[in-house]
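Subject: Handover of a structure and summary of findings

Dear colleague,

Please find the structure for your work below.

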Amino acid sequence: ATAGPRSFSAAEVRARCAQGACLVSCHRRLYDLSGFVRLHPGGEQLLRRRAGTDVSAALDGPPHRHSANARRWLEQYYVGEIEPGDEQVPPRAEPGRGSQSFQCQPQVDEKEVVAAAQTPEQTDLCYKTVDVEKDLVDWQKPLLWQVGYLGEKYDEWVHQPVDRPIRLFHSDFLEFLSKTAWYVVFLVWTPVVLYLSWVSYTSLAQGNTRLFSSFTTEYSIPVHKYYFPFIFLLGMILWSLLEYLIHRFVFHMKPPASNYYLITLHFLLHGQHHKSPFDSSRLVFPPVPASLVIGFFYGVLRLLLPEVLGLSVFVGGLCGYVIYDMMHYYLHYGSPKKGTYLYGLKAYHVKHHFEHQKSGFGISTRFWDYPFQTLIPEETFKKED
């Protein structure tokens, strides 16, 4: 027979929180969010302030009503139950506070801290990340070759995020190539951006570049070196549009339930990121496949524009891509200050992952969500009497 959930006294919870843990409860169920605080969209300090409290009211908002996926995500950090008699009363006082501390006792007895430090279970809080017996795939094996068999269940499954790393391939070499640390993108592509920017500027400085010269010499337009910053900026703007279009129409295509290969391709391109959104090794694009895609777009620009002009637009787009990848990593793993642009963008992007998968496709900017009418709606709450 399996052992039941462990019971925690209010005193023990207070002691653990005093030592730096972030334990919260929802009614009698206790959760250890210590490993999640920096990733929380509302900011680390918001969760820290609620350590040792009941967050059942806060889950319903305001300021944010947590989705079914967010509540399912919370269950991954379940560690036990609050002992009977130590439950909290649903909060009514202090407007704006979505929680109330255990027994309303802010003081922590030093003896409780020592007792908690001597409790073996303090370092043995096992997170229930995936119910392997009930899940549709075998997490002990590479997932890439399994997801195609999910058929019509794939779309719902892939949009129920979990907090655990994913293995895609049997081959250790392929698995290695599929993972990338965030700084690799910066180290690989920043020198390329700087070098191609210098080549573009010095080439334009020679004064030989003209628009429409392949059609007419009489009405061709010279492109001066002073235009380079504006051409570069145009490339960045074009990248932001391309970022939106790829995210919406390629990464969020809904593969036919009967097509094993398209489901597998979708999971490889983007589905694995939605299934495990905080897998730090899969938040940026690996340089090897990225170089193939980047090379393709460079070839398209070479066909459409004069060589130097196409290169200038291309290097601006490449810079936009690097910024996008760095921002995407930060939106998942950073803890921006409340009220900043990145704070709002992080909350917006996490909503896309957890609740609004069919909208909110802008990552580095929400701009293109406006004209394409895919903006995530603002939440509204009825005022209480």
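Helices (H or I, at least four residues) and strands (E, at least two) are taken as DSSP runs and numbered from the N terminus. By this convention, E81 belongs to strand β4. The model is a predicted one, in which local features need pLDDT of at least 70 and side-chain atom pairs count only at pLDDT 80 or more, while totals for chains, interfaces and linings use all residues. Residues are numbered from 1 along each chain as its sequence is written, and side-chain values use heavy atoms, with hydrogens and water left out.

Overall composition

The chain contains 13 helices and six strands. Of its 385 residues, 44% count as buried; buried means under 20% relative accessible area, exposed means over 50%, and partly exposed lies in between (1.4 Å probe, protein chains only). Accessible areas come from the Shrake-Rupley method with a 1.4 Å probe, and for residues only the protein chains shown count as cover. Contact is defined as heavy atoms within 4.5 Å. Among contacts in the chain with a separation of 6 or more, 70% are between residues 24 or more positions apart.

Two strands are said to pair if DSSP finds at least two bridges between them. Strand β1 (residues 7-8) runs parallel to β4, joined by two bridges, and F8 stands opposite I82 of β4. Strand β3 (residues 29-32) is antiparallel to β4, with three bridges between them; here R29 has E81 as its bridge partner. Between β2 and β3 there are four bridges, and these strands also run antiparallel; S25 is partnered with L30 in β3.

How covered is strand β4 (residues 78-82)? Five of its five residues are buried. E81 counts as buried because its relative accessibility is 14%. Leaving aside neighbours within four places in sequence, E81 is in contact with P5, R6, S7, F8, R28 and R29.

Cysteines

How many disulfides does the structure hold? There are zero, a disulfide being a pair of cysteine sulfur atoms within 2.5 Å. For C17, the closest cysteine sulfur is that of C22, at 6.7 Å, and is therefore too far for a bond. C17 is buried, with a relative accessible area of 18%, and C26 is buried as well, at 15%.

A nonpolar surface patch

F173, L174, F176, L177 and V288 make a nonpolar surface patch of about 510 Å². Patches are made of residues with over 30% relative accessible area and no salt bridge; like charges are joined within 9 Å, and nonpolar side chains (Val, Leu, Ile, Met, Phe, Trp, Tyr) within 5 Å. A salt bridge, in turn, is a side-chain nitrogen of Lys or Arg within 4 Å of a carboxyl oxygen of Asp or Glu. Helix α7 (residues 172-177) supplies the largest share of the nonpolar patch, with four residues. L177 lies in helix α7 and counts as partly exposed because its relative accessibility is 33%.

With kind regards
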